Amino acid sequence: MISYIRGELAGLERDKAIVDVQGVGYGIYMPEQSLSLLGPIGCEVKIHTYLNVREDAMQLFGFLTRDDLEVFRLVIGVSGIGPKGGLNILSCLSADELKFAVLSGDAKAICAAPGIGKKTAEKLIIELKDKLDLKEMLEPRSAAAAEIPSDGRNGDIQTEAVQALVALGYGNAESLKAVRQVTEYTSVEDVLKEALKKML
């Protein structure tokens, strides 16, 4: 198992990065969004990886964060979706966007990925819905923020706020991002007011 690769970015191709580790070049397939964030050729990169072993080949699939990698693992755990299909999905949707699409039952958003039809998207939603938690997605990501005590009610307020914004016609990802940025509130209305200010 190769958990991650750290080395010099030696080159970029349409769907993969070439990372030089002590003279050995590793070709790592990555989502388009991740490839665009790697930085200039010659910089040091750290890529979290999944090794796919087949009879005729060994392929590395890479992601910039462990969270993205874990979402990829969940996706390819769905029958009928292989590593290339999982990569196509995460090239169209970020990990957070995919999570929200699953939780909101948005098969259309998932179908935007090449090679993913309606039945496959619906199957992915059914199989992953119970494995994802919207409240967890809304939790602060920084270590400092994680130390702030919570009574559990905050997650419910944020969840309702995200759902309300989506009902108003805002996109899944932008709703989630805006709600995450609101740190002081006592009600859903408070979150909505502040989130809408950030979205205008």
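Modeller: Start with a hairpin. β4 and β5 form one, with four residues between them. This is a predicted model: local features need pLDDT of at least 70, side-chain atom pairs count only at pLDDT 80 or more, and totals for chains, interfaces and linings use all residues. Residues are numbered from 1 along each chain as its sequence is written, and side-chain values use heavy atoms, with hydrogens and water left out.

Biologist: How many bridges pair β4 and β5, and in which sense?

Modeller: Six bridges, antiparallel. Two strands pair if DSSP finds at least two bridges between them. Within this pair, N52 stands opposite Q59 in β5.

Biologist: What are your helix and strand rules?

Modeller: Both are DSSP runs, numbered from the N terminus: helices are H or I with at least four residues, strands are E with at least two.

Biologist: How many of each does the protein chain have?

Modeller: Eleven helices and five strands.

Biologist: What do the five strands close into?

Modeller: A barrel, in the order β1-β2-β3-β5-β4, with mixed pairing. On average, neighbouring strands of this sheet are turned by 55° against each other, direction ignored.

Biologist: Which strands pair in the parallel sense over two bridges?

Modeller: β3 and β5. There, I28 has L60 in β5 as its bridge partner.

Biologist: And how many bridges join β2 to β3?

Modeller: Six, with the strands running antiparallel; β2 covers residues 16–21. I18 is bridged to G27 in β3. The hairpin of β2 and β3 has two residues between the strands, and Q22 takes a positive phi near 50° there.

Biologist: What about β1 and β4, how do they pair?

Modeller: In the antiparallel sense, over five bridges; β1 is residues 4–12 and β4 is residues 44–53. R6 has K46 as its bridge partner in β4. For I5, the partner in β4 is I47.

Biologist: Which strands does α2 touch?

Modeller: α2 packs on the sheet, touching β4 and β5 (58–63), and its direction makes about 15° with that of β4. Helix α3 (residues 83–92) also packs on the sheet, where it touches β3 (24–29), β4 and β5. The direction of α3 makes about 20° with that of β5. Contact means heavy atoms within 4.5 Å.

Biologist: Now helix on helix. At what angle do α2 and α3 pack?

Modeller: About 130°, with their axes 9 Å apart. Axes are lines fitted to C-alpha atoms, for helices over the stretch in contact, and angles run from 0 to 180 degrees between N-to-C directions.

Biologist: So what do you call α2 and α3 relative to each other?

Modeller: Oblique, therefore. Angles under 35 degrees count as roughly parallel, over 145 as roughly antiparallel, 65 to 115 as roughly perpendicular, and the rest as oblique.

Biologist: Is the crossing of α2 past α3 left-handed or right-handed?

Modeller: Right-handed. A crossing is right-handed if the near helix is turned clockwise from the far one by less than a right angle, and left-handed if anticlockwise.

Biologist: Which residues meet there?

Modeller: D68, V71, F72, V75 and I76 in α2 meet P83, G86, L87, I89 and L90 in α3. The residues of this contact divide into eight nonpolar, one polar and one charged. Ala, Val, Leu, Ile, Met, Phe, Trp, Tyr, Cys and Pro count as nonpolar, Asp, Glu, Lys and Arg as charged, and the others, Gly among them, as polar.

Biologist: At what angle does α2 pack with α4?

Modeller: About 40°, with the axes 9 Å apart; α2 is residues 66–76 and α4 is residues 95–103. α2 passes α4 in a left-handed crossing. Here D67, D68, V71 and V75 in α2 meet A95, D96, L98 and K99 in α4. That contact divides into four nonpolar residues, no polar and four charged.

Biologist: Is α4 mostly covered or mostly open?

Modeller: Mostly covered: seven of its nine residues are buried. Buried means under 20% relative accessible area, exposed over 50%, partly exposed in between (1.4 Å probe, protein chains only). Among the buried residues of α4 are F100, A101 and V102. After α4 comes G105, with a positive phi near 70°.

Biologist: Last topic. Where does S175 lie?

Modeller: In helix α10, residues 172–180. S175 is buried, with a relative accessible area of 0%. Not counting residues up to four places away in sequence, S175 touches V162, L165, V166, Y170 and M199.
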